[in-house]
Amino acid sequence: MSDEAIVVMCAAASRDEAVAIAKALVERRLAACVQTMPIESWYRWNGAVQHDPEVMLHIKTMRTCFPALCEAIAALHSYDVPEIVAVPIVEASPPYLEWLREAVRQTAPGSE
């Protein structure tokens, strides 16, 4: 897996759920930054069209963190099938990319 910067999108059922996920991801160094915003979603589930308010998380991280990030979201999320979709960051300023890499860099216990 490459050291590629990505944005992961995940819709949560409520603001409380989104905050819990965002906080956990940043605290565990699986994300450098998580932004939340209210949205409305239309989707098909169990054979019917659904419409619900949700909170979208935009999660900035590195591709190498994606598997652990997926596990963490799945453990904290209320949905049977949470949306966890990553897209590459094609271009970004070098200082931002360095900050992102440093923010998710895993360190040995006790070295922080």
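Predicted model: local features only at pLDDT ≥ 70, side-chain atom pairs only at ≥ 80, totals over all residues.
A residue is called exposed here when its relative accessible area is over 50% and buried when that area is under 20%.

Helix 1, which runs over residues 15-27, has 13 residues and reaches 18 Å from its first C-alpha to its last, close to the 18 Å expected at 1.5 Å a residue. Its buried residues are Glu-17, Ala-18, Ile-21, Ala-22, Ala-24 and Leu-25, and because these cover an arc of only 165° around the axis, they lie on the same side of helix 1. On the other side of the helix, Arg-15, Asp-16, Lys-23 and Glu-27 are exposed. The buried residues of helix 1 are covered by elements that include strand 1, strand 2 (33-45), strand 3 and helix 2. Just after helix 1 comes Arg-29, which takes a positive phi of about 60°.

Helix 3, residues 94-104, has the buried residues Leu-97, Leu-100, Ala-103 and Val-104. Since they cover an arc of only 130° around the axis, they too are placed on the same side of their helix. The face turned away from that buried side carries the exposed residues Pro-94 and Pro-95, while the cover over the buried residues includes strand 1 (5-12) and strand 3 (48-62). In the loop that lies between strand 4 (85-88) and helix 3, the reader will find Ala-92, which counts as partly exposed because its relative accessibility is 27%. Although Ala-92 and Ala-5 are 87 residues apart in sequence, their C-alpha atoms are 9.1 Å apart in space.

The largest nonpolar core has 17 residues, and those with the most contacts inside it are Leu-25, Val-34, Leu-57, Ile-59, Leu-69 and Ile-73. At least two residues of this core come from each of strand 1, helix 1, strand 3 and helix 2 (66-76). Apart from this core lies another, of 10 residues, which includes Cys-65, Ile-89, Leu-97 and Ala-103.

Thr-61 is a residue of strand 3, and it counts as buried because its relative accessibility is 0%. Its side chain reaches the backbone oxygen of Leu-30 at 2.6 Å. Beyond residues up to four places away in sequence, Thr-61 touches Glu-4, Ala-5, Ile-6, Val-8, Leu-30, Ala-31, Leu-69, Leu-100 and Val-104, and of these, Leu-100 and Val-104 are among the buried residues of helix 3.

The cysteines remain to be considered, and the structure holds zero disulfides. Cys-65 is buried, with a relative accessible area of 9%, and the closest cysteine sulfur, in Cys-70, is 11 Å from its own, so the two are too far apart for a bond. Cys-70 is likewise in no disulfide, and the nearest cysteine sulfur to its own, that of Cys-10, is 9.1 Å away.

Definitions and conventions:
Residues numbered from 1 in each chain as written. Heavy atoms only, no water. Buried < 20%, exposed > 50% of the residue type's maximum accessible area, 1.4 Å probe, protein only. Helix = DSSP H or I, 4+ residues; strand = E, 2+ residues; numbered from the N terminus. Arc of directions from axis to C-beta. Contact = heavy atoms within 4.5 Å. Core = buried A, V, L, I, M, F, W, Y, C linked by side-chain atoms within 4.5 Å. Disulfide = S-S within 2.5 Å. Polar contact = N/O pair within 3.5 Å; in protein donor to acceptor, adjacent residues only side chain to side chain. Expected span 1.5 Å × (residues − 1).
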